[in-house]
Each structure stands twice: as structure tokens, then as C-alpha cells.
Amino acid sequence: MVTKKPKYNKLSKKEPGRRTGKKHKKSLRKKIFIYLLLLVATGILGFGILFMAVFLGYTGHVPTSTQLNEIKNPQASEVFSDDGRLLGRYYTENRSNVRFEEISPNVIHALIATEDARFYEHRGIDEIALMRVLFKTILLGDRSAGGGSTLSQQIAKNLFPRNDVGILSMPVNKLREAIIAYRLERIYTKEEILTLYLNTVPFGENIFGIEVASERYFSKKPKDLTVDEAAVLVG
């Protein structure tokens, strides 16, 4: 009687190796997932600590809502003749403040279109613009993508100079300006913020504010500026 030898399936010999490979891949994926989870958790924790340090003023003074409610820009002292003609100014900063009604809508439209397209939609911080800066400017190196600072954040930067805290200067100052911008938006209306910005911003040659700038460059009041003139000053 002839006994047939059992046939071995060649594939069956490879099963232990395949199982070991699958286990190794699963283990590797699990390690990567845990590593990424720890990385994200560490980043969130680090950001939270940094935010609290800035918010509490450990990295530099952050003005309170009361202080922001009392903002006063230095103004020039003006000397007039008997017939009302301006003879000259004495100043540390050559500035004359104006009200919102005294500014041409052309200036307002040009400013918003150029500096803060979603000005009426955000509350001091434009998250969409920040994401654009993160991906285009920082990750892709596209310098033409523009900045992510709102008008309120720019006011904060102009009124309260940035602090030097070494390698953390950029994130610290950005957080500080964001906190100030958020407080500004809670205190002032949108029109008041636009007026504050245009009364604060420098225009070169020791000229501050839209009033002095329009007189210096175009010999007219801000309310009389044309579209082209407004675009030049905003630019």
C-alpha cells in the first residue's frame, strides 16, 4: 500500500512572516500616532503657557481696557493769524486729529480694501488672514501673500511699541497685539477704530494722521480727497 505524502502549501509557510509584518506595521502606525498626539498636546500646552504669560504681562505691559479707553495722540499746537490763516505748528509729532465725518469715504474704502478686507466682519483678529499667512507666507514662502494683521492690530503696534524678548519676540508681540486689538474692538465702534487708525498712522517726513498728510501732499482737507489721492496716501 502506497501512502501519499501530504502536500505542503507554499503560501502557508509564509503566513507567519506576513503576520509578523502586519503586526510590525500596526505597531509602527501606533507609535507614529502616539508621537503626533504628544506633539500636538505639547504644542497646545506650550501655546497656552505663552498666551497666559503675555496676557498677564510677564513679557511686557499689556494696556487695560481703561487705559485703551483714554488713548490720546500727541497733537501739534497751531498758531493762526487774525484772519484765520495757519501760520505754523509746534509739535513733537506733527498731527491734527479729525472726526470720522471729516474724512472722505474714498479714504475709508481704500484703507479697508488695502489693509483689512474683512474689517466689518471680525472682532479684532482675522483668523482667515492668519491662516493665509501661515500657509502661503511661512510654509510656501510667498511674500506677496500679504500680512495677517487687522487695522486694530496695526493700531496696537503703532501705539504700543513691540518688546524684544529674544527668539520669542515675534509670537509674543503678535499675541500681545491680538489681545490689545480684541480689547479695542470691545471699547470702540468700527467708525471710531477707523478714525483712530487714520489719526495715528505715520505718513513719512514726521507727518502723522490723515489731516496733516492730506494738507502736506495735496493742500486740501481729508474730506475733499479724490479716489486717486486717497489711494496714494493709503499706499
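Trainee: Among contacts in the protein chain between residues at least 6 apart in sequence, what percentage join residues at least 24 apart?

Mentor: This is a predicted model, in which local features need pLDDT of at least 70 and side-chain atom pairs pLDDT 80 or more, while totals for chains, interfaces and linings use all residues. Residues are numbered from 1 along each chain as its sequence is written, and side-chain values use heavy atoms, leaving out hydrogens and water. A contact means heavy atoms within 4.5 Å. For the protein chain, the percentage is 58%.

Trainee: How many helices and strands does the protein chain have?

Mentor: Helices (H or I, at least four residues) and strands (E, at least two) are DSSP runs, numbered from the N terminus. Along the sequence they follow the pattern α-α-β-β-β-α-α-α-α-α-β-α-α. The count is therefore nine helices and four strands.

Trainee: Which helices are included in what covers the buried residues of H5?

Mentor: Buried means under 20% relative accessible area, exposed over 50%, and partly exposed in between (1.4 Å probe, protein chains only). Helix H5 spans residues 151-159, and Leu 151 and Ile 155 are among its buried residues. Their cover includes helices H3 (105-115), H6 (169-187) and H7 (190-200).

Trainee: Is Glu 229 buried or exposed?

Mentor: Glu 229 is found in helix H9, residues 227-234. Because its relative accessibility is 14%, Glu 229 counts as buried.

Trainee: With which side chain does the side chain of Glu 229 make a polar contact?

Mentor: A polar contact is a pair of N or O atoms within 3.5 Å; within protein, one must be able to donate a hydrogen and the other to accept it, and residues adjacent in sequence count only if both atoms are side-chain atoms. Leaving aside neighbours within four places in sequence, Glu 229 is in contact with Phe 218, Lys 220 and Asp 224. The polar contact, at 3.1 Å, is with the side chain of Lys 220.
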